[in-house]
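Reader: I have a new model on my screen. How do I read its sheets, rings and buried side chains?

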Amino acid sequence: MNERSKISELKGIGEKTEKLFEKIGVRTVGGLIRYYPRSYEIFEDPVPIAEACEGRICTVTGAVFGRIQVSGNRNMQVTTLYLKDLTGTLKVIWFRMPFLRNTLAKGGPLTLRGRIVRRRDGLVMEHPDIYCPSSKYEEKRNTMQPVYALTAGLSNNTVIKAVRQALGCVDAGQDILPESLVRMYGFMPYENAVAKMHFPDGKDEFAEARRRFVFEEFLVFVLSLRRLRDEENRAENRFVLRDQPEIGRFLEALPYSLTGAQRRVWKEIKADMQGGHVMSRLVQGDVGSGKTVIAFLALLLAGLNGCQGALMAPTEVLARQHFENISGMLDKYGLPLKAELLTGSMTAKQKKEAYGRIESGESSIIIGTHALIQEKAVYKNLALVVTDEQHRFGVKQREALAGKGNTPHILVMSATPIPRTLAIILYGDLDISVIDEMPKNRLPIKNCVVDTSYRKTAYEFMRKQTAAGRQCYVICPMVEESEALDAENVLDYSQMLAEAMGGQVRVGCLHGRMKQQEKDEIMDAFGKNEIQILVSTTVIEVGIDVPNASVIMIENAERFGLAQLHQLRGRVGRGKYQSYCIFMTGSKAKETKERLDILNRSNDGFFIAGEDLRLRGPGDLFGIRQSGLMNFKLGDVFQDSSILRQAAEAAGEILRADPELSSPENKKLSAALERYITDQNLEATL
Ligand code: ADP
Ligand code: MG
């Protein structure tokens, strides 16, 4: 058996289990070895009940106090017991496990490990694991157990057992890092590192193993970018887009004048599109800095030059908003161009008609979602592709869109606040423009962090704002009620809010499970102020622009990441009205307060990202909330920024010494790079 063997050769993996593994993308022993845990469970020392901390997973030991009760209905029975030690008593609940009433009633000390949450009646331990007698916990104490991403029918234990066997056939020949790099950066040997990714003896060992693979991942990524850049540098500009008088007239007719930063960036873009080489440019600017109008200008210029321009957005709601806006502008300013919308939820007939107009060149400005890169979408003369909110896409989608034309100009827009030095590495194939100035009519958003007792006041405030003509968002983490999670949901909340407002305020609701047409209708109504308060999930997180909205209230703010909260807040403060953001939290945990306080203090995305990182600390490898940026498997661009820098340096060194990666030392690295690039293309053409 070796890394290429099928996993069915492992003991205990029959046909059925093999199929389940296939579902999670694992086919070979090597694939299993590189199927790293999603997280780890750390079995820490038990704490006294009085020190059980809200929001954390804790272990407590005590005796059952009083009777064990089972309540709720047949679908959702809740078992409740009280656990007591010398320092206090803790309420504990389990879902759908009524039999516990009998098995736990026998007395004797009990060890429980689970998350402590705040419910309406105080701190509760939810659905903990049970160690009875307590000595059973001792076996696990202070170990780290891998937790794998699973699929229905496949248990964590099955994966653990299979991985243990697979680790017996690790093949050092699979190591792609040249020996010189391993020595230079002091990495763990390959076989050891692989094993420690799954079964580390403590955090430090894990961090060391992980460092190696994060480096590998970044190294291959940076090398692939260098290759793109090389090819792009050679690509000449096939679409020289000359300035057009209509652009000047359009700018004059806009209800505002561009900020200095917008003007500078627009100049850079024009220079690119008229230059000798094709444009590859990133426009970076915080939420609300006015990136859209820049994208529109570039699209108009492509259209006015008799070519096509396409803009891809990550959500249908956003694509549609852009489409409505640009169509409105074309109309209003009498520009002789036709815009087209292309999204996945359109009917087959609608799509077919749109394809026709795109292929014939009748439509010159094409706005859409991933539908833009579907096979059936054929463009006549695509000169420019724009991706909005690039951080939501990977490089491969951007390339797929570009592949729809003959080396078109590329423009990508992103609000992700990353320092310039990192941007240069991550977007190594792009030139970078920064919009570092907000439109002048803006007033800084006023923030507050409050607990649920403030709700009444908040509603009163929203009522006043709507009476003054403004609009509000309320964000809830969930779509509908769930017994297992104590968080606000859009469906119940919007009803409750409508009642609380006494029918004088028009309340609407929006969530991802609605049909697209419904979503469009709701967003239209909100855009026209027919809905005054919109209760929504995070579907409106990116891009949505209703400048009349002046309040956003975020329920269960503790459940969102800081970057996400900053994006959400960016939905208000987009016009001339004083705007407000209310972070409502159901949690009294100190960490929550500290985290939200960062947002309370600042509206600056850069500052927030930096503080978030500082708060988490460099050692917080388990708390890594994948920033989602560029879809790395292991690496986190923010947290692992120093590894990213090292990888970029190493890539530079390697290419300087061996530009074609043809030396024996780089052979495996070169093969890994080819695999990486073809994998990307494969996905891009799907
Ligand atoms: P983002 O950078 O987040 O994509 P948008 O491009 O959606 O921001 O712009 C936010 C709002 O600011 C929009 O309503 C837009 O019309 C407006 N806006 C853009 N540029 C200016 C400007 N120079 N002066 C005033 N308002 C502007
Ligand atoms: Mg935007």
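Author: We take the sheets, then the rings, then one glutamine. Keep in mind that this is a predicted model.

Reader: Start with the sheets. How do strands of a sheet pair?

Author: Strands pair through backbone hydrogen bonds, and they run either parallel or antiparallel. Here, one open sheet has seven strands with parallel pairing. Read across it, the order is β10-β11-β9-β12-β13-β8-β14.

Reader: Which are the edge strands of that sheet?

Author: Look for strands that pair on one side only. These are β10, residues 339-342, and β14, residues 431-435. On average, neighbouring strands are turned by 20° against each other, direction ignored.

Reader: How many bridges join β12 to β13?

Author: Four bridges join them. Strand β12 covers residues 382-387, β13 covers residues 409-414, and the two run parallel.

Reader: What does helix α14 touch?

Author: Helix α14, residues 395-402, packs on this sheet and touches β9, β12 and β13. Its direction makes about 160° with that of β12. Helix α13, residues 348-360, lies across β9, β10 and β11. The angle between α13 and β10 is about 140°.

Reader: What is the strand order in the six-stranded sheet?

Author: That open sheet reads β15-β20-β19-β16-β18-β17, with parallel pairing. Its edge strands are β15, residues 446-451, and β17, residues 507-510. The twist from one strand to the next averages 20°.

Reader: Now the rings. How many aromatic pairs does the structure hold?

Author: It holds 14 aromatic pairs. To classify a pair, check the planes: under 30 degrees apart counts as stacked. The ring centres of tyrosine 35 and tyrosine 148 lie 6.3 Å apart, and the planes are at 15°, so this pair is stacked.

Reader: Where in the chain do those two tyrosines lie?

Author: Tyrosine 35 is in the loop between α2 and β1, and tyrosine 148 is in the loop between β7 and α5. They are 113 residues apart, so check both loops together.

Reader: Are these tyrosines buried or exposed?

Author: The cut-off for buried is under 20% relative accessible area. Tyrosine 35 has 16%, so it is buried. Tyrosine 148 has 1% and is buried too.

Reader: Which residues form an aromatic cluster?

Author: Tyr36, Tyr190 and Phe213 form one cluster. The charged end of arginine 212 sits over the ring of phenylalanine 213, 6.0 Å from its centre. Elsewhere, arginine 470 lies over the face of tyrosine 577, at 3.5 Å from the ring centre.

Reader: Last, the glutamine. Is glutamine 262 buried or exposed?

Author: Glutamine 262 lies in helix α10, residues 260-274. Its relative accessibility is 3%, so it counts as buried.

Reader: What lies around glutamine 262?

Author: A polar atom of its side chain lies 2.8 Å from the backbone nitrogen of threonine 259. Beyond four places in sequence, glutamine 262 touches Ser289, Gly290, Val293, Ile294 and Ile435.

Terms used. Residues are numbered from 1 along each chain as its sequence is written. Chains are lettered from A and ligands numbered from 1 in the order in which they are written. This is a predicted model: local features need pLDDT of at least 70, side-chain atom pairs count only at pLDDT 80 or more; totals for chains, interfaces and linings use all residues. Side-chain values use heavy atoms; hydrogens and water are left out. Two strands pair if DSSP finds at least two bridges between them. Axes are lines fitted to C-alpha atoms, for helices over the stretch in contact, and angles run from 0 to 180 degrees between N-to-C directions. Contact means heavy atoms within 4.5 Å. Rings of Phe, Tyr and Trp (its six-membered ring) pair if their centres lie within 6.5 Å; planes under 30 degrees apart count as stacked, over 60 as edge-to-face and the rest as tilted. Buried means under 20% relative accessible area, exposed over 50%, partly exposed in between (1.4 Å probe, protein chains only). A charge sits over a ring if NZ of Lys or CZ of Arg is within 6 Å of the ring centre and within 35 degrees of the ring normal. A polar contact is a pair of N or O atoms within 3.5 Å; within protein, one must be able to donate a hydrogen and the other to accept it, and residues adjacent in sequence count only if both atoms are side-chain atoms.
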